[in-house]
Amino acid sequence: MLAQQLVNGVLLGATYALFALGFTLMFGVLRVINLTYGFYFSAGAFLSLALTRQLGLGIWAALPLAAIGAGIMAVGIDWLLLTRLRRRATAELDSLMVTLGGVLALYSAMTAWLGPDIRRLPPGLVSADSFVIAGVRITTAQILILGATLLLVALLLALMRGTRLGLAIRAMAEKPDAAGLMGINTARASALVSFISGCLGGAGGVLIGLNFNAIHPYMGETMMLRGFVVIIVGGLGDIRGALIAGVALGVIEVLTAGYISSGLKEAVAFAILVAVLWTRPQGLFGRAVMRRA
Amino acid sequence: MASALEICGLTVAYGRTEAVSGIDIVVPKGRVVCLIGANGAGKTSTMRAISGLLRPRAGTIRLDGQDITGLPPHVIAGMGLIQVPEGRQIFAELTVAENLALGAWLVSDRAEIARRQEAILARFPRLRERLAQLAGSMSGGEQQMLALGRALMADPQILLLDEPSMGLAPLFVDEIFTIIQSLKNEGTTILLVEQNASAALEVADDAYVIETGRIVLHGPAATLAEDPAVAAAYLGG
């Protein structure tokens with residue numbers, strides 16, 4: 001029983017980590033609190049719904065396409081809302097207000113267009129088979145979720161750690177002006193970071209949609225609360241911290257739901273957030289406003 | 001003589017406050033020109049406007065005769081104007097080697113990058129021992145060496161140095177000015193901003209004195225060094 005809960009928790013947490021990675025990247029590199037981020041999660045889920053239901057694509061085609069679609073939306077919305085704010089002295093507060101307004105408008109528009117109902121992915125999209133290993137049941141969907149998450153995290157780390165482009169992004173995260181003086185086109189690099197973040201958010205939406213088989217416009221909104229918990233506990237802009245905190249949150253939620261009450265899982269998550277902010281405002285693993293890849 | 005950099009009527013303002021009011025500066029090719037003045041006189045605003053970090057309110061900036069006013073910093077850097085900003089602005093969370101690599105961001109030829117890095121490590125031997133170290137863990141003087149080395153990785157047509165000696169121990173100040181002298185001997189065009197006026201006037205060919213956003217004096221550095229008004233205000237009597 002405990003082993004099963006732990007496995008479920010780790011798998012759920014992996015998607016939280018994936019979602020939070022995009023959020024922490026956006027915050028850590030672009031230095032804006034971008035509340036529209038949750039929308040890309042919903043958008044990714046709905047795109048996967050359209051791609052699988054209307055176009056009949058399989059999940060392996062729908063997942064990357066939905067992620068890329070969400071990434072393109074992120075670039076467009078970021079450009080529209082934030083370009084003119086970035087140079088202001090009060091950019092962080094301004095961006096909070098502008099993106100709060102923006103995301104509410106986006107959710108309302110989406111609900112008006114698609115309706116508030118919970119939608120489901122086509123039956124049989126992922127095989128219903130499951131495997132039992134040492135008494136722990138693992139579904140095909142869970143294996144897919146874990147595989148996709150590990151692949152995306154590996155790609156992100158390879159980009160940030162192993163390429164010149166990743167080096168430029170890390171430089172820009174630390175000192176945008178100095179990065180510009182090096183000849184780095186910071187506007188283009190920012191757009192790329194928005195794109196990657198949007199892709200990660202969108203992929204998270206597809207995977208959570210798959211995990212719970214429930215897709216609705218405001219699913220990104222509840223996810224954002226978890227996103228905040230993960231990036232604050234993990235340390236703003238800290239990739240490794242987001243991974244650890246994301247998985248930990250999934251495990252804690254599943255254990256709370258399993259052993260105490262499923263109604264309390266959010267309460268526990270926020271109790272942890274408050275406790276971390278009281279004791280270690282810089283996050284559990286990092287320094288304040290760290291941008292570690 | 002051809003001028004590498006020509007600034008005409010440059011005005012920089014923050015809201016209603018003018019930091020720089022219609023200044024003219026000419027930097028001839030292969031020369032070292034220094035801009036001296038007190039804290040808050042407008043030196044750094046001038047530098048940031050030239051490199052594109054600030055958009056000027058008025059005036060034109062020409063690089064090799066080409067108007068670069070208002071262009072973004074990465075475009076200006078691509079044209080060969082490289083600035084070492086005030087306070088060094090090295091990437092503290094990256095290694096020394098990564099900082100140098102970023103200096104050559106606009107160079108795609110790996111062999112050329114390696115050749116330049118070798119030349120820079122020969123010039124700054126301290127950096128060689130610290131290549132794998134985080135830049136932020138080095139002393140202020142070493143960080144200034146890195147900031148200079150990083151700028152030289154771009155093989156600049158013109159180098160802008162903003163207060164390279166600021167906050168450094170006297171030993172490092174001497175070393176920095178020795179390096180500027182050797183760059184000058186190699187024919188590098190430099191615009192130098194300094195509070196350490198005596199050292200700046202010693203290395204420079206021409207000098208400008210800026211006070212509350214206006215150029216109040218300019219001429220050959222040797223002449224300005226003898227000027228009693230300059231001596232009283234900037235050379236400690």
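Predicted model: local features only at pLDDT ≥ 70, side-chain atom pairs only at ≥ 80, totals over all residues.
Chain B divides into two domains: domain 1 takes in 3-80 + 156-234, and domain 2 covers 91-155. Taken over C-alpha atoms, the centres of domain 1 and domain 2 of chain B are 24 Å apart. Where the two meet, domain 1 of chain B contributes eleven residues and domain 2 of chain B contributes eight residues. On the domain 1 side of this contact, the elements of chain B that supply two or more residues are H2 and helix H7 (170-185). H7(B) provides the largest share of that side, three residues.

Turning to the sheets, chain B has an open sheet of six strands, ordered S6-S7-S8-S3-S9-S10, in which the pairing is mixed. Strand S6 (81-84) and S10 of chain B lie at the edges with a single partner strand each, so one side of each has no neighbour in the sheet. From one strand to the next, the twist of this sheet averages 15 degrees.

Both senses of pairing can be followed in this six-stranded sheet of chain B. Strand S7 (residues 158-162) and strand S8 (residues 189-194) of chain B are joined by five bridges in the parallel sense. Here Leu160(B) has Leu191(B), in S8(B), as its bridge partner. By contrast, strand S9 (residues 206-211) and strand S10 (residues 214-220) of chain B pair in the antiparallel sense, over six bridges. Asp206(B) is found opposite Pro220(B), which belongs to S10(B). S9(B) and S10(B) make a hairpin with two residues between them, and in its turn Thr212(B) has a positive phi of about 35 degrees.

A further open sheet of chain B has four strands in the order S2-S1-S4-S5, with antiparallel pairing. At its edges are strand S2 (17-28) and strand S5 (66-67) of chain B, each of which pairs on one side only. The link between strand S4 (residues 58-63) and S5 of chain B consists of two bridges, and these strands run antiparallel. Arg62(B) has Asp67(B) in S5(B) as its bridge partner.

H3(B) deserves a look of its own: seven of its eight residues are buried, leaving the helix mostly covered. Among the buried residues of H3(B) are Val96(B), Glu98(B), Asn99(B) and Leu100(B). The buried residues of H3(B) pack against helix H6 (164-174) of chain A, together with helix H4 (110-123), helix H5 (125-129) and helix H6 (140-152) of chain B.

The largest nonpolar core has 161 residues, and those with the most contacts inside it include Ala17(A), Val230(A), Cys34(B) and Leu192(B). Helix H1 (residues 2-30) of chain A supplies the largest share of this core, 15 residues. Both domains of chain B take part as well, with at least three residues drawn from each of domain 1 and domain 2. Beyond its neighbours within four places in sequence, Leu192(B) is in contact with Val32(B), Cys34(B), Leu161(B), Ile180(B), Ala200(B) and Ala204(B).

In chain A, Ile68(A) sits in helix H3 (residues 59-82). Ile68(A) has 17 other C-beta atoms within 10 Å and is therefore partly exposed. The C-alpha atoms of Ile68(A) and Phe195(A) are 7.9 Å apart, although 127 residues separate the two along the chain.

Notes:
Residues numbered from 1 in each chain as written. Chains lettered and ligands numbered in written order. Pairing = 2+ DSSP bridges. Axes fitted to C-alpha atoms, helices over the stretch in contact; angles between N-to-C directions. Core = buried A, V, L, I, M, F, W, Y, C linked by C-beta atoms within 7 Å. Buried ≥ 20, exposed ≤ 12 C-beta atoms within 10 Å, placed from the backbone. Domains from an automatic or database assignment. Contact = placed C-beta atoms within 7 Å.
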